[in-house]
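Biologist: I would like to go through this structure with you and ask, term by term, what stands behind each description.

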Amino acid sequence: MARKNCGFPAGFPSFPLSLALIFFLSVNPLRHCSAGGHDYRDALRKSILFFEGQRSGKLPPDQRIKWRKDSAMHDGASAGVDLTGGYYDAGDNVKFVFPMAFTTTLLSWSIIDFKRNIGSELGNAVKAVKWATDFLLKATAKEGVIYVQVGDAFSDHSCWERPEDMDTLRTVYKIDQNHPGSDVAGEIAASLAAASIVFRSLDSSYSGLLLDRAVKVFEFANRHRGAYSSSLHSAVCPFYCDFDGYQDELLWGAAWLHKATRRRQYREYIVKNEVVLRAGDTINEFGWDNKHAGINVLISKEVLMGRAPDLKSFQVNADAFICSVLPGISHPQVQYSPGGLIVKPGVCNMQHVTSLSFLLLAYSNYLSHANHAVPCGSISATPALLKHIAKRQVDYILGDNPQRMSYMVGYGPRYPLRIHHRGSSLPSVAAHPARIGCKGGSNYFFSPNPNPNRLIGAVVGGPNITDSFPDARPFFQESEPTTYVNAPLVGLLAYFSAHT
(Lines give C-alpha, C1' and ligand atoms only; values in the text may rest on other atoms or scores of the structure.)
Protein backbone atom coordinates (compact mmCIF):
# COMPACT_ATOMS: atom_id res chain seq x y z
CA MET A 1 0.00 0.00 0.00
CA ALA A 2 1.25 3.52 -0.75
CA ARG A 3 -0.07 4.99 2.47
CA LYS A 4 1.69 4.03 5.68
CA ASN A 5 -0.40 2.30 8.38
CA CYS A 6 -3.36 1.66 6.07
CA GLY A 7 -4.85 -1.57 4.82
CA PHE A 8 -2.98 -4.85 5.30
CA PRO A 9 0.75 -4.57 6.01
CA ALA A 10 3.36 -5.88 3.65
CA GLY A 11 4.00 -9.56 4.14
CA PHE A 12 0.69 -10.01 5.94
CA PRO A 13 0.13 -13.76 6.33
CA SER A 14 -2.47 -15.44 4.24
CA PHE A 15 -5.86 -16.41 5.63
CA PRO A 16 -9.21 -17.14 4.00
CA LEU A 17 -10.07 -14.54 1.41
CA SER A 18 -13.61 -14.29 2.76
CA LEU A 19 -12.28 -12.96 6.06
CA ALA A 20 -9.94 -10.57 4.29
CA LEU A 21 -12.83 -9.09 2.34
CA ILE A 22 -15.14 -8.97 5.36
CA PHE A 23 -12.48 -7.33 7.47
CA PHE A 24 -11.46 -4.87 4.75
CA LEU A 25 -15.04 -3.82 4.08
CA SER A 26 -15.89 -3.68 7.77
CA VAL A 27 -13.15 -1.31 8.82
CA ASN A 28 -12.82 0.52 5.47
CA PRO A 29 -9.27 1.54 6.36
CA LEU A 30 -8.22 3.45 3.27
CA ARG A 31 -10.98 6.04 3.20
CA HIS A 32 -9.91 7.89 6.33
CA CYS A 33 -6.21 7.07 6.55
CA SER A 34 -3.68 9.74 7.49
CA ALA A 35 -1.16 10.01 4.69
CA GLY A 36 1.89 10.37 6.92
CA GLY A 37 1.09 7.73 9.50
CA HIS A 38 0.97 8.33 13.24
CA ASP A 39 3.54 9.36 15.80
CA TYR A 40 2.80 6.64 18.35
CA ARG A 41 5.68 7.76 20.55
CA ASP A 42 4.18 11.24 20.87
CA ALA A 43 0.75 9.76 21.56
CA LEU A 44 2.28 7.47 24.21
CA ARG A 45 3.93 10.39 25.98
CA LYS A 46 0.66 12.31 26.01
CA SER A 47 -1.44 9.33 27.10
CA ILE A 48 0.72 9.04 30.24
CA LEU A 49 0.84 12.80 30.83
CA PHE A 50 -2.96 12.78 31.08
CA PHE A 51 -2.79 11.05 34.47
CA GLU A 52 -1.04 14.07 35.96
CA GLY A 53 -4.12 16.12 35.14
CA GLN A 54 -6.26 13.68 37.13
CA ARG A 55 -4.19 13.83 40.30
CA SER A 56 -5.81 14.63 43.60
CA GLY A 57 -3.99 15.84 46.70
CA LYS A 58 -0.63 17.58 47.11
CA LEU A 59 1.02 17.84 43.71
CA PRO A 60 4.75 17.06 43.45
CA PRO A 61 7.45 19.54 42.34
CA ASP A 62 7.82 17.72 39.01
CA GLN A 63 4.13 18.12 38.11
CA ARG A 64 4.06 18.78 34.36
CA ILE A 65 0.45 19.89 33.87
CA LYS A 66 0.95 23.29 35.45
CA TRP A 67 -2.63 24.59 35.42
CA ARG A 68 -3.56 21.99 38.04
CA LYS A 69 -2.92 22.81 41.72
CA ASP A 70 -3.32 21.03 45.07
CA SER A 71 -6.83 19.83 45.81
CA ALA A 72 -8.87 17.77 48.28
CA MET A 73 -6.21 18.20 50.94
CA HIS A 74 -8.48 17.08 53.78
CA ASP A 75 -9.90 13.94 52.22
CA GLY A 76 -10.52 11.31 54.89
CA ALA A 77 -10.46 13.77 57.79
CA SER A 78 -14.14 13.20 58.53
CA ALA A 79 -13.33 9.53 59.17
CA GLY A 80 -10.08 10.20 61.01
CA VAL A 81 -7.87 8.85 58.21
CA ASP A 82 -5.62 10.27 55.51
CA LEU A 83 -7.17 9.64 52.12
CA THR A 84 -5.45 12.38 50.18
CA GLY A 85 -3.97 11.55 46.80
CA GLY A 86 -5.15 9.16 44.14
CA TYR A 87 -7.00 10.03 40.96
CA TYR A 88 -10.25 11.64 39.97
CA ASP A 89 -11.77 9.07 37.65
CA ALA A 90 -13.05 11.35 34.92
CA GLY A 91 -14.35 14.89 34.53
CA ASP A 92 -15.70 15.17 38.06
CA ASN A 93 -14.02 15.48 41.46
CA VAL A 94 -14.99 12.21 43.13
CA LYS A 95 -12.48 9.48 43.93
CA PHE A 96 -14.15 6.19 43.01
CA VAL A 97 -11.79 3.42 44.11
CA PHE A 98 -13.32 0.66 41.95
CA PRO A 99 -12.37 2.23 38.58
CA MET A 100 -9.17 3.70 40.11
CA ALA A 101 -7.98 0.21 41.04
CA PHE A 102 -8.87 -1.16 37.60
CA THR A 103 -6.95 1.70 36.02
CA THR A 104 -3.97 0.74 38.15
CA THR A 105 -4.19 -2.92 37.15
CA LEU A 106 -4.27 -2.04 33.46
CA LEU A 107 -1.45 0.49 33.73
CA SER A 108 0.63 -2.16 35.45
CA TRP A 109 -0.29 -4.80 32.85
CA SER A 110 0.73 -2.35 30.12
CA ILE A 111 4.14 -1.97 31.75
CA ILE A 112 4.56 -5.68 32.48
CA ASP A 113 3.86 -6.78 28.91
CA PHE A 114 5.33 -3.81 27.02
CA LYS A 115 8.09 -2.50 29.27
CA ARG A 116 10.72 -2.88 26.56
CA ASN A 117 8.63 -0.76 24.20
CA ILE A 118 7.83 2.11 26.58
CA GLY A 119 11.41 3.37 26.42
CA SER A 120 12.07 6.80 27.89
CA GLU A 121 8.49 7.07 29.14
CA LEU A 122 8.91 4.17 31.55
CA GLY A 123 9.69 6.47 34.47
CA ASN A 124 6.54 8.51 33.92
CA ALA A 125 4.43 5.36 33.50
CA VAL A 126 5.74 3.96 36.78
CA LYS A 127 5.01 7.28 38.52
CA ALA A 128 1.44 7.06 37.23
CA VAL A 129 1.09 3.64 38.84
CA LYS A 130 2.66 4.74 42.11
CA TRP A 131 0.35 7.76 42.44
CA ALA A 132 -2.51 5.28 42.56
CA THR A 133 -0.87 2.58 44.67
CA ASP A 134 0.21 5.08 47.33
CA PHE A 135 -3.45 5.96 47.72
CA LEU A 136 -4.62 2.35 47.64
CA LEU A 137 -2.20 1.54 50.45
CA LYS A 138 -3.81 4.31 52.51
CA ALA A 139 -7.29 3.03 51.67
CA THR A 140 -6.42 -0.48 52.88
CA ALA A 141 -4.21 0.39 55.87
CA LYS A 142 -6.85 -0.19 58.56
CA GLU A 143 -7.42 -3.84 59.47
CA GLY A 144 -10.86 -5.08 58.44
CA VAL A 145 -11.82 -1.87 56.64
CA ILE A 146 -11.34 -0.70 53.06
CA TYR A 147 -12.20 2.84 52.01
CA VAL A 148 -13.79 2.69 48.57
CA GLN A 149 -14.96 6.22 47.74
CA VAL A 150 -14.25 9.81 48.73
CA GLY A 151 -16.87 12.38 47.82
CA ASP A 152 -20.64 12.41 47.58
CA ALA A 153 -21.24 11.90 43.87
CA PHE A 154 -24.68 13.51 43.89
CA SER A 155 -23.32 16.60 45.63
CA ASP A 156 -20.35 16.75 43.27
CA HIS A 157 -22.42 16.30 40.13
CA SER A 158 -24.73 19.14 41.12
CA CYS A 159 -21.80 21.55 40.83
CA TRP A 160 -19.39 22.56 38.11
CA GLU A 161 -16.29 23.71 39.95
CA ARG A 162 -12.55 23.26 39.90
CA PRO A 163 -11.09 20.55 42.15
CA GLU A 164 -9.01 23.30 43.77
CA ASP A 165 -12.23 25.11 44.81
CA MET A 166 -14.60 22.27 45.58
CA ASP A 167 -16.72 22.60 48.67
CA THR A 168 -19.02 19.67 47.98
CA LEU A 169 -19.44 16.86 50.51
CA ARG A 170 -16.27 14.77 50.83
CA THR A 171 -18.08 11.88 52.45
CA VAL A 172 -15.96 8.78 53.03
CA TYR A 173 -17.44 5.39 52.19
CA LYS A 174 -16.05 2.07 53.39
CA ILE A 175 -16.64 -1.67 53.30
CA ASP A 176 -16.10 -4.07 56.18
CA GLN A 177 -17.21 -7.53 57.27
CA ASN A 178 -20.77 -6.32 57.84
CA HIS A 179 -20.85 -4.35 54.60
CA PRO A 180 -18.87 -6.50 52.14
CA GLY A 181 -17.48 -5.49 48.79
CA SER A 182 -15.68 -8.43 47.19
CA ASP A 183 -15.82 -6.69 43.81
CA VAL A 184 -13.90 -3.56 44.74
CA ALA A 185 -11.65 -5.44 47.20
CA GLY A 186 -10.87 -8.07 44.58
CA GLU A 187 -9.93 -5.37 42.10
CA ILE A 188 -7.73 -3.62 44.66
CA ALA A 189 -5.97 -6.93 45.33
CA ALA A 190 -5.42 -7.40 41.61
CA SER A 191 -4.05 -3.88 41.21
CA LEU A 192 -1.63 -4.17 44.12
CA ALA A 193 -0.43 -7.59 42.95
CA ALA A 194 0.08 -6.36 39.38
CA ALA A 195 1.89 -3.24 40.61
CA SER A 196 4.16 -5.38 42.80
CA ILE A 197 5.46 -6.97 39.60
CA VAL A 198 6.13 -3.52 38.12
CA PHE A 199 8.20 -2.48 41.15
CA ARG A 200 9.94 -5.82 41.68
CA SER A 201 13.12 -4.75 39.89
CA LEU A 202 12.81 -1.04 40.75
CA ASP A 203 12.06 -0.99 44.47
CA SER A 204 11.94 -4.42 46.09
CA SER A 205 10.82 -3.06 49.46
CA TYR A 206 7.86 -1.21 47.97
CA SER A 207 7.05 -4.21 45.78
CA GLY A 208 6.95 -6.42 48.86
CA LEU A 209 4.66 -3.99 50.65
CA LEU A 210 2.25 -3.99 47.72
CA LEU A 211 2.21 -7.77 47.49
CA ASP A 212 1.70 -8.29 51.21
CA ARG A 213 -1.23 -5.90 51.16
CA ALA A 214 -2.67 -7.56 48.05
CA VAL A 215 -2.68 -10.91 49.87
CA LYS A 216 -4.49 -9.44 52.88
CA VAL A 217 -7.04 -7.57 50.77
CA PHE A 218 -7.80 -10.68 48.74
CA GLU A 219 -8.31 -12.70 51.91
CA PHE A 220 -10.77 -10.06 53.08
CA ALA A 221 -12.59 -10.07 49.72
CA ASN A 222 -12.91 -13.84 49.69
CA ARG A 223 -13.87 -14.23 53.34
CA HIS A 224 -16.57 -11.56 53.35
CA ARG A 225 -18.33 -12.12 50.06
CA GLY A 226 -20.80 -9.66 48.63
CA ALA A 227 -21.13 -6.76 46.19
CA TYR A 228 -20.23 -3.27 47.33
CA SER A 229 -23.10 -1.88 45.31
CA SER A 230 -25.42 -3.79 47.64
CA SER A 231 -23.69 -2.50 50.75
CA LEU A 232 -23.31 1.07 49.48
CA HIS A 233 -26.02 1.24 46.83
CA SER A 234 -27.12 4.82 47.47
CA ALA A 235 -23.54 6.10 47.22
CA VAL A 236 -22.03 4.17 44.32
CA CYS A 237 -25.05 3.63 42.09
CA PRO A 238 -25.71 4.49 39.32
CA PHE A 239 -22.14 5.78 38.89
CA TYR A 240 -19.99 2.69 39.46
CA CYS A 241 -22.58 0.14 40.41
CA ASP A 242 -21.34 -3.43 40.00
CA PHE A 243 -23.86 -4.82 37.52
CA ASP A 244 -22.00 -8.07 36.85
CA GLY A 245 -21.45 -9.36 40.36
CA TYR A 246 -18.33 -9.77 42.47
CA GLN A 247 -17.40 -13.28 41.32
CA ASP A 248 -15.23 -12.16 38.42
CA GLU A 249 -13.16 -9.87 40.65
CA LEU A 250 -12.34 -12.79 42.96
CA LEU A 251 -10.99 -14.81 40.03
CA TRP A 252 -9.23 -11.72 38.67
CA GLY A 253 -7.56 -11.04 42.02
CA ALA A 254 -6.51 -14.69 42.36
CA ALA A 255 -5.10 -14.69 38.81
CA TRP A 256 -2.92 -11.66 39.50
CA LEU A 257 -1.81 -13.00 42.86
CA HIS A 258 -0.82 -16.25 41.18
CA LYS A 259 1.16 -14.32 38.58
CA ALA A 260 2.86 -12.21 41.26
CA THR A 261 3.58 -14.97 43.80
CA ARG A 262 3.57 -18.26 41.86
CA ARG A 263 1.94 -19.77 44.95
CA ARG A 264 0.03 -22.99 44.35
CA GLN A 265 -2.84 -21.87 46.57
CA TYR A 266 -3.99 -19.26 44.05
CA ARG A 267 -3.82 -21.67 41.14
CA GLU A 268 -5.84 -24.18 43.16
CA TYR A 269 -8.30 -21.42 44.02
CA ILE A 270 -8.79 -20.66 40.32
CA VAL A 271 -9.32 -24.32 39.41
CA LYS A 272 -11.67 -24.93 42.32
CA ASN A 273 -13.75 -21.80 41.75
CA GLU A 274 -13.81 -21.64 37.96
CA VAL A 275 -17.39 -22.89 37.70
CA VAL A 276 -18.65 -21.47 40.99
CA LEU A 277 -17.41 -17.99 40.07
CA ARG A 278 -18.65 -18.28 36.47
CA ALA A 279 -15.39 -17.87 34.56
CA GLY A 280 -17.14 -18.59 31.27
CA ASP A 281 -19.71 -15.82 31.56
CA THR A 282 -19.81 -12.85 29.14
CA ILE A 283 -16.52 -13.80 27.53
CA ASN A 284 -16.26 -10.61 25.44
CA GLU A 285 -16.67 -8.11 28.28
CA PHE A 286 -13.72 -6.36 29.86
CA GLY A 287 -13.71 -3.15 31.86
CA TRP A 288 -13.93 -1.74 35.36
CA ASP A 289 -17.11 -3.76 36.01
CA ASN A 290 -16.56 -7.04 34.17
CA LYS A 291 -13.22 -8.83 34.11
CA HIS A 292 -14.13 -12.06 32.30
CA ALA A 293 -12.26 -11.56 29.03
CA GLY A 294 -9.24 -10.24 30.90
CA ILE A 295 -9.20 -13.23 33.25
CA ASN A 296 -9.27 -15.66 30.36
CA VAL A 297 -6.52 -13.91 28.39
CA LEU A 298 -4.28 -13.47 31.44
CA ILE A 299 -4.53 -17.11 32.52
CA SER A 300 -4.24 -18.39 28.93
CA LYS A 301 -0.64 -17.25 28.75
CA GLU A 302 0.25 -20.04 31.18
CA VAL A 303 -1.71 -22.55 29.11
CA LEU A 304 -0.13 -21.50 25.81
CA MET A 305 3.32 -21.76 27.37
CA GLY A 306 2.51 -25.37 28.29
CA ARG A 307 2.66 -24.70 32.02
CA ALA A 308 -1.00 -25.10 33.00
CA PRO A 309 -2.91 -27.82 31.14
CA ASP A 310 -5.45 -27.93 33.99
CA LEU A 311 -6.48 -24.37 33.06
CA LYS A 312 -7.17 -25.22 29.41
CA SER A 313 -10.79 -24.09 29.70
CA PHE A 314 -9.60 -20.50 30.15
CA GLN A 315 -7.82 -20.68 26.79
CA VAL A 316 -11.02 -22.04 25.25
CA ASN A 317 -12.84 -19.01 26.65
CA ALA A 318 -10.11 -16.65 25.44
CA ASP A 319 -10.30 -18.13 21.95
CA ALA A 320 -14.08 -17.66 21.98
CA PHE A 321 -13.54 -14.03 22.98
CA ILE A 322 -11.22 -13.54 20.01
CA CYS A 323 -13.75 -15.03 17.61
CA SER A 324 -16.55 -12.86 19.01
CA VAL A 325 -14.75 -9.58 18.25
CA LEU A 326 -13.51 -10.34 14.74
CA PRO A 327 -15.05 -7.95 12.20
CA GLY A 328 -17.60 -9.65 10.01
CA ILE A 329 -18.49 -12.34 12.54
CA SER A 330 -21.92 -11.56 13.91
CA HIS A 331 -22.14 -11.17 17.68
CA PRO A 332 -24.87 -9.19 19.44
CA GLN A 333 -22.49 -7.64 21.98
CA VAL A 334 -19.80 -6.41 19.59
CA GLN A 335 -20.45 -4.22 16.57
CA TYR A 336 -18.37 -2.04 14.29
CA SER A 337 -19.27 1.45 13.13
CA PRO A 338 -19.18 2.24 9.40
CA GLY A 339 -15.77 3.81 10.00
CA GLY A 340 -14.44 0.68 11.69
CA LEU A 341 -14.69 1.48 15.42
CA ILE A 342 -15.60 -1.22 17.93
CA VAL A 343 -18.94 -0.29 19.47
CA LYS A 344 -20.57 -1.84 22.52
CA PRO A 345 -23.69 -0.82 24.45
CA GLY A 346 -23.31 1.68 27.28
CA VAL A 347 -21.60 4.97 28.00
CA CYS A 348 -18.02 5.99 27.17
CA ASN A 349 -17.52 3.63 24.26
CA MET A 350 -13.75 4.25 24.08
CA GLN A 351 -13.32 2.25 27.28
CA HIS A 352 -14.37 -0.83 25.30
CA VAL A 353 -12.23 0.11 22.32
CA THR A 354 -9.00 0.43 24.30
CA SER A 355 -9.55 -2.44 26.74
CA LEU A 356 -10.62 -4.98 24.11
CA SER A 357 -7.85 -3.86 21.75
CA PHE A 358 -5.35 -4.28 24.55
CA LEU A 359 -6.50 -7.86 25.05
CA LEU A 360 -6.24 -8.54 21.31
CA LEU A 361 -2.66 -7.28 21.31
CA ALA A 362 -1.65 -9.09 24.51
CA TYR A 363 -3.18 -12.36 23.32
CA SER A 364 -1.57 -12.02 19.90
CA ASN A 365 1.83 -11.94 21.62
CA TYR A 366 1.02 -14.99 23.72
CA LEU A 367 -0.13 -16.81 20.57
CA SER A 368 3.05 -15.81 18.72
CA HIS A 369 5.30 -17.24 21.41
CA ALA A 370 3.34 -20.49 21.30
CA ASN A 371 3.20 -20.55 17.47
CA HIS A 372 -0.55 -20.78 17.72
CA ALA A 373 -3.59 -19.29 15.96
CA VAL A 374 -7.22 -19.17 17.03
CA PRO A 375 -9.64 -21.32 15.03
CA CYS A 376 -12.90 -19.45 14.43
CA GLY A 377 -14.93 -21.89 12.39
CA SER A 378 -13.42 -21.90 8.92
CA ILE A 379 -11.29 -18.89 9.80
CA SER A 380 -7.85 -18.94 11.40
CA ALA A 381 -7.25 -15.79 13.45
CA THR A 382 -3.48 -15.37 13.37
CA PRO A 383 -1.45 -13.19 15.76
CA ALA A 384 -0.78 -10.81 12.88
CA LEU A 385 -4.50 -10.40 12.23
CA LEU A 386 -5.20 -9.63 15.89
CA LYS A 387 -2.43 -7.03 15.93
CA HIS A 388 -3.83 -5.46 12.80
CA ILE A 389 -7.32 -5.18 14.27
CA ALA A 390 -5.90 -3.62 17.45
CA LYS A 391 -3.80 -1.19 15.44
CA ARG A 392 -6.80 -0.19 13.36
CA GLN A 393 -8.61 0.80 16.56
CA VAL A 394 -5.66 2.84 17.77
CA ASP A 395 -5.39 4.58 14.40
CA TYR A 396 -9.09 5.39 14.53
CA ILE A 397 -8.59 7.06 17.92
CA LEU A 398 -5.65 9.06 16.57
CA GLY A 399 -7.47 10.39 13.53
CA ASP A 400 -8.11 7.74 10.87
CA ASN A 401 -11.88 8.08 11.08
CA PRO A 402 -14.79 9.72 9.24
CA GLN A 403 -14.49 12.91 11.32
CA ARG A 404 -10.79 13.12 10.49
CA MET A 405 -10.09 14.13 14.07
CA SER A 406 -8.05 12.70 16.87
CA TYR A 407 -10.00 11.75 19.97
CA MET A 408 -6.92 12.40 22.10
CA VAL A 409 -6.65 15.99 23.30
CA GLY A 410 -3.44 17.60 22.06
CA TYR A 411 -2.62 14.96 19.45
CA GLY A 412 -2.84 15.86 15.78
CA PRO A 413 -4.13 19.01 14.10
CA ARG A 414 -7.77 18.50 15.15
CA TYR A 415 -9.07 17.12 18.43
CA PRO A 416 -11.90 17.75 20.95
CA LEU A 417 -11.84 21.28 22.36
CA ARG A 418 -14.82 21.23 24.73
CA ILE A 419 -14.33 18.10 26.78
CA HIS A 420 -16.62 17.34 29.73
CA HIS A 421 -14.05 18.04 32.45
CA ARG A 422 -14.35 20.55 35.26
CA GLY A 423 -10.70 21.47 35.68
CA SER A 424 -10.08 21.75 31.96
CA SER A 425 -13.19 23.83 31.20
CA LEU A 426 -12.86 26.39 34.00
CA PRO A 427 -10.17 29.09 34.20
CA SER A 428 -7.09 27.91 36.06
CA VAL A 429 -6.30 29.22 39.52
CA ALA A 430 -3.39 31.15 38.02
CA ALA A 431 -5.67 32.85 35.48
CA HIS A 432 -8.59 33.36 37.88
CA PRO A 433 -7.37 33.33 41.52
CA ALA A 434 -10.82 34.11 42.95
CA ARG A 435 -12.92 31.14 43.91
CA ILE A 436 -15.53 29.91 41.43
CA GLY A 437 -18.46 28.50 43.39
CA CYS A 438 -20.71 25.50 42.82
CA LYS A 439 -23.06 27.20 40.39
CA GLY A 440 -20.55 29.80 39.28
CA GLY A 441 -19.14 27.38 36.74
CA SER A 442 -22.42 26.91 34.90
CA ASN A 443 -21.66 29.64 32.37
CA TYR A 444 -18.42 27.88 31.49
CA PHE A 445 -20.18 24.53 31.21
CA PHE A 446 -22.66 25.83 28.65
CA SER A 447 -20.19 28.07 26.83
CA PRO A 448 -19.49 27.28 23.16
CA ASN A 449 -15.89 28.40 23.68
CA PRO A 450 -13.03 25.88 23.81
CA ASN A 451 -11.77 24.79 27.21
CA PRO A 452 -9.15 27.24 28.51
CA ASN A 453 -6.89 24.44 29.82
CA ARG A 454 -5.88 21.61 27.54
CA LEU A 455 -5.87 18.24 29.30
CA ILE A 456 -3.14 16.82 27.10
CA GLY A 457 -3.50 13.11 26.39
CA ALA A 458 -7.12 12.81 27.50
CA VAL A 459 -9.07 10.37 25.31
CA VAL A 460 -12.77 11.16 25.31
CA GLY A 461 -15.73 8.78 25.27
CA GLY A 462 -15.75 9.05 21.51
CA PRO A 463 -18.21 8.85 18.63
CA ASN A 464 -21.34 6.74 18.46
CA ILE A 465 -22.32 3.86 16.20
CA THR A 466 -22.65 6.26 13.23
CA ASP A 467 -19.16 7.76 13.80
CA SER A 468 -20.67 11.14 14.71
CA PHE A 469 -19.20 13.17 17.55
CA PRO A 470 -20.60 16.28 19.26
CA ASP A 471 -17.71 18.34 20.60
CA ALA A 472 -19.73 19.80 23.47
CA ARG A 473 -19.51 19.46 27.26
CA PRO A 474 -23.18 18.51 27.88
CA PHE A 475 -22.71 15.35 25.80
CA PHE A 476 -20.73 13.61 28.54
CA GLN A 477 -21.05 10.13 27.05
CA GLU A 478 -19.00 11.27 24.07
CA SER A 479 -16.89 14.11 25.49
CA GLU A 480 -15.78 12.94 28.95
CA PRO A 481 -12.34 11.36 29.40
CA THR A 482 -11.63 8.65 31.99
CA THR A 483 -8.51 7.10 33.46
CA TYR A 484 -9.58 3.60 32.44
CA VAL A 485 -9.74 4.59 28.78
CA ASN A 486 -6.10 5.68 28.83
CA ALA A 487 -4.64 2.89 30.97
CA PRO A 488 -4.78 0.07 28.37
CA LEU A 489 -3.98 2.55 25.60
CA VAL A 490 -0.54 3.02 27.17
CA GLY A 491 0.33 -0.57 26.36
CA LEU A 492 -1.06 -0.35 22.85
CA LEU A 493 0.82 2.84 22.01
CA ALA A 494 4.03 1.49 23.52
CA TYR A 495 3.90 -1.58 21.30
CA PHE A 496 3.05 0.23 18.07
CA SER A 497 5.65 2.92 18.71
CA ALA A 498 8.26 0.18 18.55
CA HIS A 499 6.75 -1.97 15.79
CA THR A 500 5.73 0.45 13.06
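Modeller: Let me begin with two helices in contact (heavy atoms within 4.5 Å): Val 97, Phe 98, Ala 101, Phe 102, Thr 104, Thr 105, Ser 108, Ile 111 and Ile 112 in α3 meet Asp 183, Val 184, Glu 187, Ile 188, Ala 190, Ser 191, Ala 194, Ala 195, Ile 197 and Val 198 in α6. The residues of this contact divide into 13 nonpolar, four polar and two charged, where Ala, Val, Leu, Ile, Met, Phe, Trp, Tyr, Cys and Pro count as nonpolar, Asp, Glu, Lys and Arg as charged, and the others, Gly among them, as polar. This is a predicted model, in which local features need pLDDT of at least 70 and side-chain atom pairs count only at pLDDT 80 or more, while totals for chains, interfaces and linings use all residues. Residues are numbered from 1 along each chain as its sequence is written, and side-chain values use heavy atoms, with hydrogens and water left out.

Biologist: Why are α3 and α6 called roughly parallel to each other?

Modeller: Helix α3 (residues 97-118) and helix α6 (residues 182-199) pack at an angle of about 25°, with their axes 8 Å apart. Angles under 35 degrees count as roughly parallel, over 145 as roughly antiparallel, 65 to 115 as roughly perpendicular and the rest as oblique, and α3 and α6 are therefore roughly parallel.

Biologist: What makes β1 and β3 the edge strands?

Modeller: The open sheet of three strands has the order β1-β2-β3, with antiparallel pairing, and β1 and β3 each pair on one side only. Two strands pair if DSSP finds at least two bridges between them; strand β1 (residues 95-96) and β2 have two bridges, and four bridges join β2 to strand β3 (residues 172-175). Lys 95 stands opposite Val 150 in β2, whereas Tyr 147 stands opposite Lys 174 in β3 and Gln 149 has Tyr 173 as its bridge partner.

Biologist: Why does Tyr 495 count as buried?

Modeller: Buried means under 20% relative accessible area, exposed over 50%, and partly exposed in between (1.4 Å probe, protein chains only); Tyr 495 has 10% relative accessibility and so counts as buried. In strand β2 (residues 146-150), five of its five residues are buried.

Biologist: Which residues is Tyr 495 in contact with, leaving aside its neighbours within four places in sequence?

Modeller: Tyr 495, which lies in helix α19 (residues 483-498), is in contact with Phe 114, Asn 117, Leu 361, Asn 365 and Lys 387. The C-alpha atoms of Tyr 495 and Asp 113 are separated by 9.2 Å, although these residues are 382 residues apart along the chain.

Key: Axes fitted to C-alpha atoms, helices over the stretch in contact; angles between N-to-C directions.
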